[in-house]
Amino acid sequence: MLAVAALSFSCSAPEPKAKAPAAPVDAWAALPKSPEWLHATASFTGDRKAECAFIETWIAGEAECQATTCEHARDLSRDWLSRCDKLAPDSVSKVKDALAKYEARAGEKETPCAAQLRPIFGGACGKDETCEAAAQRWVTRCASTVASPLNVQILVRFVQRRVSDHDVELDTRSCSVLRDEVANGVTCTDRFKCEDAIAQLDMYSARCDEEGERPPLSFALASAVMHAAADRKMEPIFARPDDDASSAMKAKLPPTTADGAAVVASVCGTRVADLDGYFAARKECEPGGDIVFARAFKVQGSFEVRVGHVPQSDDVSFIARYPALLMPGERERIDRDRGAAFDTELEEAAKLSADPKLAPGGLVSLLALFRDHGAEIFRSEAKRAAIQARDASFVNAFKFLGKAKSKAKGPAAELGQIAARARTFAFSDIDPDGAPQFGAFSWAALHDTSALLPQSHAAYLKELKGFFLRTARDLPADDIDSDYARAFGVIAEECQQNGERARTDERALLECAFGQRTCDAPQVDALTKSSEKARSQAEQGFLAATFFMTTSGPKAAEFYRKVMSTAQCSLPAW
């Protein structure tokens, strides 16, 4: 019995163990996390308090968001308040203020940038199945506008889920920043740097230009310059007029021609950054060397930009052949460069004229000065002032001139015209040797010597008193003479025709240089000779027409000026 009892006791059931208390519920983990929170903390590591502080920086970063793009900032702020009010009590009021602001803005009218973002999140990116290019384009054009880093982060995560072969990073530089960087690339100095500059320009165009829209003119010129400097062939670019956003690019362009239509790409292989560099490179460039320009041609309300190659020649010939490629101040530079020769010739003429025995030689030298530098003197107040400063030195030469002209012979009508011109224009009707010749004219004959050299002119008039008395009855009438008017019309018309032919030949030479037409060497040579002849004849036409007016009274002169204006017979541009 005891054994049984013992056995029974030893086999009795064990007493039950007490249950462990249940773990407390984790309120933080139980709260649902918004997509915005997940996007913002995708790469975060740290404790919960640090996480709240981290999200707070994202909320603050959305401070400038606009309209519907504030929805993400709104939702993130709400999430923070539900999670972090106990962990960061000092920031609650600040986040509540931000939430109120974001809620108000999120209800505003949707912006164009927000509207452009929705199709991307919908995967509507055309052939770009990853939407990476579309996302990058949106970030470049809109990220700075909507001012929402959170939208950019969400976009990165969205694209990353569609891309498997690389990590997605979206460049947050704006179009204005890229535009400035492209502008800085225009001055690239070697082929490799210019290749990089072209890549930068292509990036800007892909991200910032409207699809199918032509680039602004300055950007097209910059592209042409970069391609030329990189020795890359470039097809013509059709461009639209510049806008306000083009100012930075326009300011960075290489030296630009006076008409604003062309910029210098290189001079005999040398890149130039300013006008001084351009003129210096021209001087070092051998005749026949290659000067490369990018030029805009007007076509149907827009521009066609092309690269052209123009052969180097001496300065005077170059601007005479290609007036459209004249640089600002270039003519004045040439005149200054010729200033030393002008000063030498002027001093020689003054020295000879000051000696009564050498006065005839002084007159011939002075006439040669006007013949060689006539257009410069006509344009340059400084050169006229230099001549005027030596007025007293030319008294003897002008006395000789007056005596010579007083002995002029010919029909009464011709002598009357000589007398009419002689009163104001001492060099009229004088051949290069200083002898009187009816109708002889040059640049010298166009100058009013009574104003240019008053002292010398007064001495000259004294010698002509008898001649003026002798021809008083034969002076031409002040009224417009029909025969004279017809003759003047012929001169003005020839001036116009030759000027137009010179301009036509220049356009043809430009078209050859810029590839608008195919020209072989003989064709270019023929156009060059034709252009030079037309320019010479047009200049002579202008001189003849202006000389014609020196005989006319005020009424007739005004009529002739109008005829010249209508015929576009003006001071040559070359």
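This chat goes through salt bridges, one serine and the nonpolar cores of a predicted model.

User: Before we start, what should I know about the model and the numbering?
Analyst: This is a predicted model, in which local features need pLDDT of at least 70 and side-chain atom pairs count only at pLDDT 80 or more, while totals for chains, interfaces and linings use all residues. Residues are numbered from 1 along each chain as its sequence is written, and side-chain values use heavy atoms, with hydrogens and water left out.

User: OK, how many salt bridges does the structure hold?
Analyst: The structure holds 28 salt bridges, where a salt bridge is a side-chain nitrogen of Lys or Arg within 4 Å of a carboxyl oxygen of Asp or Glu.

User: Which residues does R173 pair with?
Analyst: R173 forms a salt bridge with D171, the closest N and O atoms being 2.6 Å apart, and the side chain of R173 also meets that of E181 in a salt bridge at 2.5 Å, N to O.

User: And is R173 buried, partly exposed or exposed?
Analyst: R173 is partly exposed, with a relative accessible area of 27%; buried means under 20% relative accessible area, exposed over 50%, and partly exposed in between, with a 1.4 Å probe and protein chains only.

User: Where do R486 and D483 lie?
Analyst: Both lie in helix α25 (residues 482-513), 3 residues apart, about one turn of the helix, and their salt bridge has its closest N and O atoms 2.3 Å apart. Helices (H or I, at least four residues) and strands (E, at least two) are DSSP runs, numbered from the N terminus.

User: Switching topic, what does the side chain of S406 reach?
Analyst: The side chain of S406 reaches the backbone oxygen of K403 at 2.6 Å. S406 is found in helix α20 (residues 395-406) and, at 18% relative accessibility, counts as buried.

User: Which residues does S406 touch?
Analyst: Leaving out residues up to four places away in sequence, S406 touches E463, L464, F467 and R470, contact meaning heavy atoms within 4.5 Å.

User: Last one, how many residues has the largest nonpolar core?
Analyst: The largest nonpolar core has 33 residues, and M249 and V182 are among those with the most contacts inside it; such a core is a set of buried Ala, Val, Leu, Ile, Met, Phe, Trp, Tyr and Cys residues joined through side-chain atoms within 4.5 Å.

User: Which element gives the most to this core?
Analyst: Helix α12 (217-229) gives the most to this core, with 8 residues. Apart from this core lies another, of 31 residues, including L363 and I430.

Methods:
Polar contact = N/O pair within 3.5 Å; in protein donor to acceptor, adjacent residues only side chain to side chain.
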